[in-house]
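Q: I would like to learn how to read an interface between two chains. Where do we begin?

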Number of protein chains: 2
Amino acid sequence: MRRADRKQMRKKSIHPCQSTDKDVIKEAHAENLMTNLSNAYASDLLPSKEGKDLTKCFLLQVVNILLHYIEKTFDDKSKILDFHHPHQLLEGLDGFDLELSDHPESLEQLLVDCTDTLKYGVKTGHPRYFNQLSSGLDVIGLAGEWLTATANTNMFTYEIAPVFTVMETVLLKKMCGIIGWRETEADGIFSPGGSISNLYGILVARYKQYPEIKARGMAVLPCIVLFVSEQGQTPFCVVATAGSTVFGAFDPLHDIADICETHKLWMHVDAAWGGGLLLSRKHSCRLSGIERADSVTWNPHKLMGVPLQCSALLTREKGLLGACNQMQAEYLFQPDKVYNINFDTGDKTIQCGRHVDVFKLWLMWKAKGTYGFEVQIDRYMELAKYFYKVLKKKDNFKLVFDAEPEFTNVCFWYFPPRLKHIPKSFERDQELQKIAPKIKAQMIVEGTAMLSYQPCGDKVNFFRMVFSNPATRQTDVDYLIDEIQRLGKDL
Amino acid sequence: MRRADRKQMRKKSIHPCQSTDKDVIKEAHAENLMTNLSNAYASDLLPSKEGKDLTKCFLLQVVNILLHYIEKTFDDKSKILDFHHPHQLLEGLDGFDLELSDHPESLEQLLVDCTDTLKYGVKTGHPRYFNQLSSGLDVIGLAGEWLTATANTNMFTYEIAPVFTVMETVLLKKMCGIIGWRETEADGIFSPGGSISNLYGILVARYKQYPEIKARGMAVLPCIVLFVSEQGQTPFCVVATAGSTVFGAFDPLHDIADICETHKLWMHVDAAWGGGLLLSRKHSCRLSGIERADSVTWNPHKLMGVPLQCSALLTREKGLLGACNQMQAEYLFQPDKVYNINFDTGDKTIQCGRHVDVFKLWLMWKAKGTYGFEVQIDRYMELAKYFYKVLKKKDNFKLVFDAEPEFTNVCFWYFPPRLKHIPKSFERDQELQKIAPKIKAQMIVEGTAMLSYQPCGDKVNFFRMVFSNPATRQTDVDYLIDEIQRLGKDL
């Protein structure tokens with residue numbers, strides 16, 4: 001379709017009224033607003049004088065596009081994605097031009113750009129999107145993120161983020177309490193993701209053992225290492241994992257805590273993925289011993305389904321994050337303020353600007369209650385068990401581990417008929433290695449489902465199914481199994 | 001007002017129709033939807049069956065609250081904030097309860113929570129909000145962020161963020177070109193903020209000089225330092241600043257580049273704040289020499305007014321970020337994919353999950369064109385000059401520097417009449433030190449304006465005015481001067 005035709009179509013399909021009750025709004029009115037948008041530019045919006053109505057109209061049109069996308073996301077008959085190669089996007093698909101120019105585009109064109117951006121993207125909330133640990137589209141979390149964007153502030157002081165910084169303390173207390181620490185003595189910070197939360201954990205561990213690093217740097221330290229090896233060096237910290245990315249495995253936290261206590265080592269638990277399981281009374285035992293950790297990484301943007309980014313680093317001891325990371329930059333954090341500056345968070349982080357990641361989590365917690373998260377997470381565990389049981393019965397699938405899954409990850413191979421009866425050998429594995437990528441590639445091209453695969457150690461490419469998407473139902477699981485067989489049987 | 005009364009009021013004031021054309025929607029219909037919301041919970045929304053209409057209705061109500069807030073933000077007669085102390089928020093203001101419970105709240109209550117969150121927050125887009133380098137509310141950027149939240153994906157692979165990863169390459173190329181590098185040979189990454197972008201710059205600098213660090217760690221390096229001092233050690237990198245936070249000062253980049261070339265040192269330019277000035281043909285000369293840098297930090301969430309977070313680290317040499325930061329984790333980034341994996345960005349960063357910060361910038365660039373940014377930035381420079389000239393004429397104000405401002409920062413003291421004629425002395429400065437905090441505290445309490453103050457070296461607390469808010473007009477500048485005098489004259 002040519003650009004001009006698409007514009008014409010757009011005029012018909014988008015108007016702000018459609019989103020409420022299109023029958024009662026006069027067509028003429030909508031037509032008039034659309035005419036405005038095709039001749040209007042960003043500079044006509046607020047804060048421009050007389051920009052109020054246009055701003056409202058434009059934003060409602062954007063919301064209309066988003067609502068339409070949300071509806072499609074949850075429709076299992078819609079495709080997850082409309083696949084194209086990078087060079088096709090770069091060259092411009094059907095008039096969708098990514099290049100930036102010196103001159104502005106009309107508001108109407110921007111709406112077309114928004115539609116196209118979503119059209120060529122991936123619906124990560126689709127019931128058959130199993131590709132990542134972070135998946136699903138939580139409507140409350142989404143609303144929280146829209147509000148956060150509108151409030152557009154920075155977490156670094158109470159002064160400019162009074163509600164959000166206090167919400168952060170409320171959430172951190174809650175999470176520390178759930179871990180099993182004394183809330184009044186614990187501390188933490190929300191960071192842009194699990195890697196950076198882990199970085200904070202290591203920085204604090206190192207600072208606790210070697211506070212002189214703050215003034216004198218790495219050079220005054222012995223050669224310190226994170227993991228003890230036979231070769232010696234000076235260990236200072238053990239990092240345990242609660243919920244590994246591929247297998248969903250949990251380290252034995254009590255055993256590790258015993259060793260850490262004996263040798264006076266910092267114990268950091270990377271529970272980025274597994275942390276959410278603490279909210280399930282039935283399954284939280286997997287993390288037993290986490291209360292003995294010194295620091296914990298926990299990403300609500302994974303199992304708890306909060307929109308990305310939302311990650312916390314929690315410490316059992318209060319004050320360490322501040323002592324470790326403060327720069328006492330008076331030009332950023334003035335001490336002579338009208339309020340209690342303990343709520344200024346800037347000196348606890350290595351960041352200056354810090355995005356507000358707490359509101360969406362707070363709003364979701366309000367909306368679901370702790371029990372609501374529990375119901376959701378228990379359902380994922382049930383689905384994983386169901387999936388495991390179904391696969392176990394099928395002789396063209398083989399589970400990577402025989403035992404029931406510890407978590408919502410289920411790893412498995414699919415064997416096309418031609419490979420099914422060949423015994424394990426280097427040659428057989430060479431062939432098996434290619435199966436998952438081929439099936440996945442075809443799934444992407446057809447847009448029917450998405451799940452991850454990877455090799456690991458001596459195991460050639462296997463699929464990793466994972467449940468963290470609230471839209472997924474048992475029928476989607478059945479569908480996935482059929483789909484893998486359909487796409488793989490002739491490979 | 002009691003909680004029950006507020007709920008009642010809310011029922012009247014919020015309904016989804018109001019945002020389009022409230023006259024034509026029947027009151028009964030709205031009443032019906034509201035009844036639904038007061039008895040409905042998050043679990044009734046999509047992906048729940050039959051959740052479609054409720055989801056639409058709920059999100060439109062949220063948008064209605066946001067539109068109302070946006071309108072108030074740009075109204076200079078509205079207060080910037082309704083100040084309260086942290087303990088008041090923690091204790092719960094007028095029924096606004098931050099504590100999290102085990103049980104869910106109704107959708108209607110969540111709307112009240114959203115309204116309250118905005119009510120007690122700070123309007124960072126208000127025309128008289130001058131408090132930070134990041135300020136203003138760009139409507140297009142906002143729309144971009146709403147869409148980003150709805151798409152809810154992760155920048156780490158093309159697979160799950162096809163449009164956004166390609167947009168990132170388009171933007172990075174554009175920015176590298178503007179710096180003056182050969183686009184095809186340059187590279188970069190968007191990170192969660194300036195500090196982390198600077199961290200990437202230093203990591204790359206260190207890696208370039210000592211690639212063995214990747215396999216063998218810090219211990220094999222000499223004691224390396226960033227800045228050369230008389231004491232020696234081994235310098236490897238010089239960090240220059242283009243636009244300092246308080247004074248808006250620019251380091252002489254050509255002189256620094258000469259030194260770096262002679263001594264073969266990496267040159268990193270922190271242009272987090274000043275980078276945007278490159279878009280002004282009139283003022284970009286301030287950054288002359290930046291094209292000789294090896295890496296540059298540039299935060300579009302500062303001068304360019306993109307909603308926070310939006311920060312880029314740019315390198316002149318392609319491939320270094322990947323070589324420095326890659327972990328070759330096959331379980332995250334499979335090499336055997338259906339598309340060109342050069343568009344997978346995960347191995348360039350220390351993050352795994354990475355928020356989509358590019359779309360809002362891309363959409364704003366489409367909306368304004370490069371020239372649109374230029375017009376906006378040139379206007380800030382004009383306002384700074386105007387403000388400087390007005391202050392210069394007033395004998396109860398004193399500029400920290402006599403010269404015309406280099407950038408949009410203007411630093412100054414206000415002298416109340418009782419201090420005006422006292423010559424500089426320790427005792428006078430002790431008194432002057434208290435003036436800015438007192439005026440600022442009163443401004444916050446009254447919610448009339450917000451600007452920053454800080455001491456610096458031997459200079460006691462002075463105000464820093466800064467222009468980066470597109471809503472600010474000359475009348476707001478005049479207002480600020482009057483306001484400082486009104487609040488300060490009797491101190």
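**Reading the interface**

A: Begin with which surfaces meet. This is a predicted model. Here 100% of the interface residues of chain B are also interface residues in chain A, so the copies meet through the same surface.

Q: How many residues of chain B are in contact with chain A?

A: Contact here means heavy atoms within 4.5 Å. By that rule, 135 residues of chain B touch 135 residues of chain A.

Q: What area is buried between chain B and chain A?

A: The buried area is about 12000 Å², and carbon and sulfur atoms give 70% of it. On the side of chain B, Leu100(B), Thr150(B) and Lys366(B) lose the most area to chain A, together 7% of what that side buries.

Q: How many salt bridges are counted between chain B and chain A?

A: A salt bridge pairs a side-chain nitrogen of Lys or Arg with a carboxyl oxygen of Asp or Glu within 4 Å. The count between the two chains is eight. Glu71(B) and Lys56(A) form a salt bridge through their side chains, at 3.9 Å from N to O. Helix α4 (residues 52–73) of chain B gives the most to the side that touches chain A, with 13 residues. By class, that side of chain B has 81 nonpolar, 34 polar and 20 charged residues.

How values were computed
Residues are numbered from 1 along each chain as its sequence is written. Chains are lettered from A and ligands numbered from 1 in the order in which they are written. This is a predicted model: local features need pLDDT of at least 70, side-chain atom pairs count only at pLDDT 80 or more; totals for chains, interfaces and linings use all residues. Side-chain values use heavy atoms; hydrogens and water are left out. Buried area is the accessible area (1.4 Å probe) that two parts lose on being put together, summed over both. Helices (H or I, at least four residues) and strands (E, at least two) are DSSP runs, numbered from the N terminus. Ala, Val, Leu, Ile, Met, Phe, Trp, Tyr, Cys and Pro count as nonpolar, Asp, Glu, Lys and Arg as charged, and the others, Gly among them, as polar.
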